[in-house]
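Hi,

Here is the structure I said I would pass on.

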Amino acid sequence: MITEIYNDAIKTTTATFDTTPKTIEEQRLWFQDHGTKNPLMVAEQDDRIIAWGALSRWSDRCAYTDTAEVSLYVTEPYQGKGIGTRLLTQLLEEGRRQGLHAVLARITEGNTPSVSLHESLGFFPIGVMKEVGVKFGKRLDVHLLEKLFP
């Protein structure tokens, strides 16, 4: 179900700059790159996954060991109901417990609800990457936000 949610975002949103749907095998390899320091969590309702989030390695360079990038996807019927807030809060708490110091978020222009959600949980803007992606025929900016743990 995680793959279905992500593939829907690939096809219909600018939340990801992936443009080709992922196979189960591609997602399995991505899952294997997660563990205690980089958790992957889901939200369920009626025995169905309705949202997922992950803290992924920001870079494979050793100096970035304590830095992660957050991903969060909530299926459309459940957006705006607090599910993303609860899931992101749990991810951040687990990341802090596992020793992360910095969590980064890349949010495509126009996604005001996502920016607001991240800012409500302590993320702050650190810059804008201008016109770095092209999706649905449009050049798009990406806002960078960061949260630091003491």
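**What turned up**

E119 is partly exposed, with a relative accessible area of 38%. Bear in mind as you read on that this is a predicted model. E119 sits in helix 4, and once residues up to four places away in sequence are set aside, E119 touches P125 and L145.

**The main core**

The largest nonpolar core has 24 residues, and the ones touching the most other members are L55, V70, L88, L92, V103 and F123. Strand 2, strand 3, helix 3, strand 4 and helix 4 each give two or more residues to this core. Helix 3 gives the most, with five residues.

A second, separate core has nine residues, including I2, A9, I10 and I49. I49 is found in strand 2, which runs over residues 48-57. Is I49 buried or exposed? I49 has 18% relative accessibility, so it counts as buried, the cut-off being under 20%. Beyond its neighbours within four places in sequence, I49 is in contact with M1, I2, I5, V42, A43 and E44. With M1, the separation is 48 residues in sequence, but 6.2 Å in space from C-alpha to C-alpha.

Helix 1 has I2, T3, I5, Y6, N7, A9 and I10 as its buried residues. Those residues pack against helix 2, strand 1 (40-45), strand 2, strand 3 and strand 5. On the helix 2 side, take a look at Q27, which has its place in that helix. Q27 is buried, with a relative accessible area of 5%. Leaving aside neighbours within four places in sequence, Q27 is in contact with I2, T3, Y6 and K22. Of these, I2, T3 and Y6 are on the list of buried residues of helix 1.

**A glutamate in helix 3**

E94 lies in helix 3, residues 83-97. E94 counts as buried because its relative accessibility is 17%, and the cut-off is under 20%. What does the side chain of E94 make a polar contact with? One partner is the side chain of R97, at 2.8 Å. Another polar contact, of 2.7 Å, joins the side chains of E94 and Q98.

**The largest pocket**

The volume of the largest pocket is about 1400 Å³. Its lining takes in 48 residues, and A15, T16, L72, Y73 and N111 lie nearest the centre. Elements giving two or more residues to this lining are helix 1 (2-12), helix 2 (24-32), strand 2, strand 3 (67-74), helix 3, strand 4 (102-108), helix 4 (112-120) and strand 5 (124-135). By type, the lining divides into 21 nonpolar, 18 polar and nine charged residues.

Most residues other than glycine have a negative phi, and most peptide bonds are trans. D46 has a phi near 55°, a positive value in a residue that is not glycine. You will find D46 in the loop between strand 1 and strand 2, where it is exposed, with a relative accessible area of 69%.

F136 also has a positive phi, near 55°, and again is a residue other than glycine. Its place is in the loop between strand 5 and strand 6 (138-148). Is F136 buried or exposed? F136 is exposed, with a relative accessible area of 53%.

Cheers

Notes:
Residues numbered from 1 in each chain as written. Predicted model: local features only at pLDDT ≥ 70, side-chain atom pairs only at ≥ 80, totals over all residues. Heavy atoms only, no water. Helix = DSSP H or I, 4+ residues; strand = E, 2+ residues; numbered from the N terminus. Buried < 20%, exposed > 50% of the residue type's maximum accessible area, 1.4 Å probe, protein only. Polar contact = N/O pair within 3.5 Å; in protein donor to acceptor, adjacent residues only side chain to side chain. Contact = heavy atoms within 4.5 Å. 1 Å grid on protein atoms, 1.4 Å probe; cavity = no way out; pocket = protein on both sides within 12 Å on 5 of 7 lines; lining within 4 Å. Points joined across faces, edges and corners; volume = space filled by probe spheres on them. Nonpolar A, V, L, I, M, F, W, Y, C, P; charged D, E, K, R; others polar. Core = buried A, V, L, I, M, F, W, Y, C linked by side-chain atoms within 4.5 Å.
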